[in-house]
Amino acid sequence: HGRACQSFALEISRVVRDKKPAEFARRAFLLREGGGLPNYPINNGKRLMKSFALALGLLCLLPALSEARDRWTPQQANDWYATQGWRVGSNYIPATAINQLEMWQAETFDAKQIDWELGLAEQTGMTTMRVFLHDMLWTADAKGYKARIDTFLAIADKHHIKVLFVLFDSCWDPDPQLGPQHAPIPGRHNSGWVQSPGQKGLEDTAGYPKLEVYVKGVISAYKDDPRVLGWDVWNEPHDGDSDPIHQAAKVGLVANLLPQVFVWARASDPSQPLTSGLFDGGNWSPKDETLTPIQRTQLKQSDVISFHDYSWPENFENRITQLEGYGRPILCTEYMARGAGSTIDGDLAVAKAHKVSMYNWGFVDGKTQTRFPWDSGQHPYTDREPTVWFHDLFHKDGTPYRQREIDIIRTLTKISPG
């Protein structure tokens with residue numbers, strides 16, 4: 001098991017030496033959940049310490065079979081990107097789901113709707129989708145969750161769409177709850193979206209081993225799956241002051257956890273790239289002194305660089321120019337907020353010229369209600385429709401919101417109408 005296994009065994013040997021049965025049981029739990037131990041009871045740390053001390057010693061003597069990979073070099077990243085080509089897609093959730101939990105829970109997972117919508121995406125010329133997962137679902141029922149992920153990937157592959165999975169998210173409701181999700185709040189943008197792991201999950205540092213099991217479990221299951229384009233380990237990681245979208249936990253928790261998430265993800269040795277997208281702040285150029293600790297982690301740990309931009313085309317291109325200094329492939333994993341100046345008309349051709357793959361926010365108008373603008377949280381659109389849709393490309397019946405946008409995507413991706 002290479003360096004990772006040897007490191008684990010070394011840590012265990014120290015735990016055994018120091019006679020810490022509770023810590024031993026915790027580490028045994030992690031190893032078992034990752035598939036390295038049989039399903040033996042682990043509540044008796046002292047018994048396990050005696051039972052496995054010899055086994056772990058022998059484990060250290062095994063030849064190295066594999067090693068967690070390092071961050072890709074710029075050459076490795078660019079070689080990978082050359083095999084993928086320029087891709088266009090959306091941030092995807094079916095119209096029948098208000099958030100990640102409702103999309104993936106067994107009772108509300110809607111394979112028929114997903115198949116129909118991804119068929120629309122294929123006809124539009126899209127070849128990728130960015131899709132949010134959630135840690136609570138894996139912790140509650142990893143086997144069932146994996147079965148539904150398998151189903152989703154089979155549907156996506158049927159429509160020639162590769163998936164960029166998102167593992168954690170700092171946006172919107174900080175108190176996610178499993179079970180039935182509430183109905184959309186009338187007139188409000190994204191009124192049910194939930195964070196992962198959520199505020200309680202961030203503050204409960206003793207629960208981080210469960211997050212580690214989730215990250216390693218889901219990536220290990222699909223680390224060599226050609227249907228998976230990559231792993232976006234954390235969407236808009238945010239510390240500090242809260243705003244209507246980012247309800248922050250205690251300062252420093254995300255900044256401290258994000259590097260560890262990259263370590264967990266890389267330990268699974270995925271053949272796909274890791275990333276986490278920059279989304280705020282000033283200059284993102286290399287060596288800029290205003291970069292935050294979170295941004296520095298994103299830029300130093302990502303195999304491919306990703307970012308979000310919802311502003312005017314000239315600002316969008318300036319962001320690309322800043323990030324090109326890192327010499328790695330670039331993905332724009334969120335854009336298109338028509339009322340804020342970010343449009344398919346203004347951005348997509350610029351992106352293609354710079355070889356930046358693109359994911360607009362919103363696909364089919366549905367329970368997320370992202371046709372409403374961000375400020376609808378303070379001023380709900382209960383008595384009117386927005387003058388211009390903020391996000392989303394299609395009405396519920398599959399009619400394009402604006403045919404010109406679909407034509408642009410088809411033209412730039414070289415898909416014929418019809």
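These questions and answers walk through a predicted model of one protein chain.

Reader: How many helices and strands are in the protein chain?
Author: Start with the overall make-up. The model is predicted, and the protein chain has 418 residues. Its elements are 14 helices and eight strands.

Reader: What percentage of the residues in the protein chain are buried?
Author: A residue counts as buried under 20% relative accessible area. The accessible surface of the chain comes to about 18,300 Å², and 54% of that belongs to carbon and sulfur atoms. For the residues, the buried part of the 418 is 54%.

Reader: Of the contacts with a separation of 6 or more, what percentage join residues 24 or more positions apart?
Author: Take Gly282 and Arg319 as a pair that touches. They are 37 residues apart in sequence. Across the protein chain, residues 24 or more positions apart make up this share of the contacts with a separation of 6 or more: 76%.

Reader: How many residues are in the largest nonpolar core?
Author: Some residues have the most contacts inside this core, among them Trp104, Phe152 and Phe363. Phe363 also touches residues elsewhere in the sequence, including Tyr92, Leu120, Met129 and Phe394. The number of residues in the largest nonpolar core is 102.

Reader: In what order do the strands of the open sheet lie?
Author: The sheet has eight strands, and the pairing is parallel. Its edge strands are S5 (274–275) and S6 (305–308), each pairing on one side only. The order is S5-S4-S3-S2-S1-S8-S7-S6.

Reader: Which strands does helix H6 touch?
Author: Helix H6 covers residues 111–124 and packs on the sheet. Its direction makes about 150° with that of S1. The strands touched by H6 are S1 (88–92) and S2 (128–132).

Reader: At what angle does helix H10 run to S4?
Author: H10 covers residues 253–267. It lies across S3 (162–169), S4 and S5. Its angle to S4 is about 160°.

Reader: How many bridges join S3 to S4?
Author: S4 is mostly covered, with eight of its eight residues buried. S3 and S4 run parallel. One of their bridges pairs Val163 with Val228 in S4. The number of bridges joining S3 to S4 is six.

Reader: Which residue in S5 stands opposite Asp232?
Author: Strand S4 spans residues 228–235, and two bridges join it to S5. The two strands run parallel. Opposite Asp232 stands Thr275.

Reader: Is Thr275 buried or exposed?
Author: Thr275 is found in strand S5. It touches residues including Trp231, Phe262 and Ile305. Its relative accessibility is 1%, so Thr275 counts as buried.

Reader: Which side chain makes a polar contact with the side chain of Thr275?
Author: A polar atom of the Thr275 side chain lies 2.7 Å from the backbone oxygen of Val304. There is also a contact between side chains, at 2.8 Å. The partner in that contact is Ser306.

Reader: Which residue in S7 is the bridge partner of Ser306?
Author: Four bridges join S6 to S7, and the two strands run parallel. Six of the six residues of S7 are buried, so S7 is largely enclosed by the rest of the structure. The bridge partner of Ser306 is Leu331.

Reader: Why does Glu334 count as buried?
Author: Glu334 lies in strand S7 (residues 330–335). Among the residues it touches are Asn91, Asn235, His308 and Trp361. Glu334 counts as buried because its relative accessibility is 4%.

Reader: Which side chain lies 2.7 Å from the side chain of Glu334 in a polar contact?
Author: The side chain of Glu334 makes a polar contact with that of Arg130 at 3.1 Å. Another polar contact, at 2.7 Å, joins the Glu334 side chain to that of Tyr310.

Reader: What is the relative accessibility of Gly282?
Author: Gly282 lies in the loop between S5 and helix H11 (293–301). Leaving aside residues up to four places away in sequence, it touches Arg319 and Gln322. Gly282 counts as partly exposed because its relative accessibility is 43%.

Notes: Residues are numbered from 1 along each chain as its sequence is written. This is a predicted model: local features need pLDDT of at least 70, side-chain atom pairs count only at pLDDT 80 or more; totals for chains, interfaces and linings use all residues. Side-chain values use heavy atoms; hydrogens and water are left out. Buried means under 20% relative accessible area, exposed over 50%, partly exposed in between (1.4 Å probe, protein chains only). Contact means heavy atoms within 4.5 Å. Accessible areas come from the Shrake-Rupley method with a 1.4 Å probe; for residues, only the protein chains shown count as cover. A nonpolar core is a set of buried Ala, Val, Leu, Ile, Met, Phe, Trp, Tyr and Cys residues joined through side-chain atoms within 4.5 Å. Two strands pair if DSSP finds at least two bridges between them. Axes are lines fitted to C-alpha atoms, for helices over the stretch in contact, and angles run from 0 to 180 degrees between N-to-C directions. A polar contact is a pair of N or O atoms within 3.5 Å; within protein, one must be able to donate a hydrogen and the other to accept it, and residues adjacent in sequence count only if both atoms are side-chain atoms.
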